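Please look over the model shown below before reading on; the paragraphs that follow take up its helices, its domains and the pairing of its chains in turn.

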2 protein chains.
Amino acid sequence: MAVYTKVSAEEIDDFLTRFDVGTLVSAKGIAEGVENSNYLIETTQDRFILTLYEKRVDPGDLPFFIAMLDHLAAKNCPVPPMIADRDGNTIQELSGKSACLIKFLPGISVTTPTPAQAEATGHALGYMHSGLKDFTGTRANSMNHDTWRKLAMDCGPDELDAIAPGLHKLVDSELDYLDAHWPDALPTSVIHADLFPDNVLMLDDHVTGLIDFYFSCTDIRAYDVAVTHAAWSFSDDGQTFDAAVSDALIRGYMESFNLGAEEQAALPILARGASLRFMLTRAYDWINTPADAMVTRKDPTAFLNRLKFYQGNPDIFKA
Amino acid sequence: MAVYTKVSAEEIDDFLTRFDVGTLVSAKGIAEGVENSNYLIETTQDRFILTLYEKRVDPGDLPFFIAMLDHLAAKNCPVPPMIADRDGNTIQELSGKSACLIKFLPGISVTTPTPAQAEATGHALGYMHSGLKDFTGTRANSMNHDTWRKLAMDCGPDELDAIAPGLHKLVDSELDYLDAHWPDALPTSVIHADLFPDNVLMLDDHVTGLIDFYFSCTDIRAYDVAVTHAAWSFSDDGQTFDAAVSDALIRGYMESFNLGAEEQAALPILARGASLRFMLTRAYDWINTPADAMVTRKDPTAFLNRLKFYQGNPDIFKA
């Protein structure tokens, strides 16, 4: 997390003349989000996030993300709308990168969620899923279940075993299990797919923002619940499961979205899949990122621990 | 420039309870300043910069910096005061680091200064020097003239020549010249010593903040003018001298500080020294920083170009 593309204050000031947002008062590069460059900007009128899209976001996907955020904002979901310029354009170019000016939302991202915060987040996720029921946009999930075996092969068996002894074999057998039992027939929807605590802004126990929609895609809707559950219900290293947070998250979700019995029954396998997905992408980055690079590598074993927990505790989702 | 020490929102929220500043509304890690970790913080009352001091700032120097900023703030210099907690303490500890909560100042740092902006900056520097006349604090300049020969040796002759052919010899002969002519008898003062454009906040042509005082020290006062001149009067790569900016900077300084004739006459050699100092520290970092490290290496030749310009143009400071 760093600022990859440096934009001068003069360039930002000039950029802002495309919009009706006042003139520049302050601009600070912020260390946030997936691998984009972000500036927190204050004008004489308001505050904004200026995002320049780096290699991980395909500019061709921006219209999908913008349509999704507009759809959700219209339904009073707390998402950050992208600002249109005087000609109605939201996708801009700046310093040779695709760029968007985005409304700033207050709120902080918690690191150790309380049950009340998890319940509010579950509720916000359910409300988002309700709001997306009539959203017609689609985007393939480039990290969906079908891609995990190739991802594991790209990591390499020896490299996986170097992360944790026996990991290669464990991954192989989990892939076999998931292939045999993956609930492909469950309802699909556009989902967030990455609703970790850093992508939720809160004030006290109230959600003020769902952010960083750049992994949003079409997939099994209940998989989004499973991803969020895996992201929220454990200590960072995945070694400690917090049953109160887990229960609160699911309770909050159920309050705002009516999860079907089949979807609920599938949560254990979906959570195993979510854990494997984040374990594999982290392992791939771990193997392919120099230890001293600008990007902080995230420990894959944090999600190996979650996977093992879900394997051994299929009953935690039962009411 | 990155966030080296990650502090959770919960830790920041808890930290703020030491002060009368309201409760946390937003916290963003910002990429700014020398190698400290900085957070832009919004509370229910105001905005602040939270700085955690990393290896380049000695916590033992913090009382000097705080006294200097308090002294300048009392004289209406636009510097960011550090906030005292309920017990009157400004130096805090957070995540094992020394930390200060600092008032947020609006304004942007220009990249390509106009003459009007340079004049305002010169004026602010002179006003700061006036304000420091009765400041009794002192701090040795760890990068003063006496240290440059050792710094050059630490770089190594071959390594210098790898940066630019013949650089080792040029540095040696410049060191000899400076040793023979350095104006040690000129008035000394506490100086900023690093007033580059990124350390000046402006709105239009008005200085709203002088920041990043962590190189401040006691040295020849006119040397501060020379550093600022070298930092402001050239294109970033040092290849293009801007006479209008140069003249405006000196004019602005003279408006608020009465530079003596001897000081003025010494500006050419002081500017050569300033150029050599930044060339050598950049060269040292260049040689000792891996190309893919988190810190962006700055090109030493940008100050080699300035040095050559000052060598060839001693008359630019004449009125």
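The expected span of a helix is taken here as 1.5 Å times one less than its number of residues, where helices (H or I, at least four residues) and strands (E, at least two) are DSSP runs, numbered from the N terminus. This is a predicted model, in which local features need pLDDT of at least 70 and side-chain atom pairs count only at pLDDT 80 or more, while totals for chains, interfaces and linings use all residues. Residues are numbered from 1 along each chain as its sequence is written, and chains are lettered from A and ligands numbered from 1 in the order in which they are written.

By that rule, the twelve residues of helix H7 of chain B, residues 221-232, should span 16 Å, and its end C-alpha atoms lie 17 Å apart, which agrees. All twelve of the residues of H7(B) are buried, a residue being buried if 20 or more other C-beta atoms, placed from the backbone, lie within 10 Å of its own, exposed if 12 or fewer, and partly exposed in between. Among these buried residues are Arg221(B), Asp224(B), His229(B) and Trp232(B), and the buried residues of H7(B) pack against strands S6 (188-191) and S9 (217-220) as well as helices H3, H8 (243-256), H9 (261-288) and H10 (301-312) of chain B.

In chain A, the domain assignment, which is automatic or from a database, gives domain 1 (9-103) and domain 2 (115-312). The centres of these two domains of chain A, taken over C-alpha atoms, are separated by 27 Å, and 16 residues of domain 1 are in contact with 17 residues of domain 2, contact meaning that C-beta atoms, placed from the backbone, lie within 7 Å.

Between the chains, 28 residues of chain B are in contact with 27 residues of chain A. Helix H1 (9-16), strand S1 (24-30) and strand S2 (37-43) of chain B each give two or more residues to this side, and the largest share, seven residues, comes from S1(B).

Chain B can be laid on chain A with an RMSD of 0.0 Å by a turn of 180° and a shift of 0.0 Å along the axis, superposed by least squares on the C-alpha atoms of residues with pLDDT of at least 70 in both. That is the relation of a two-fold axis.

Definitions and conventions:
Contact = placed C-beta atoms within 7 Å.
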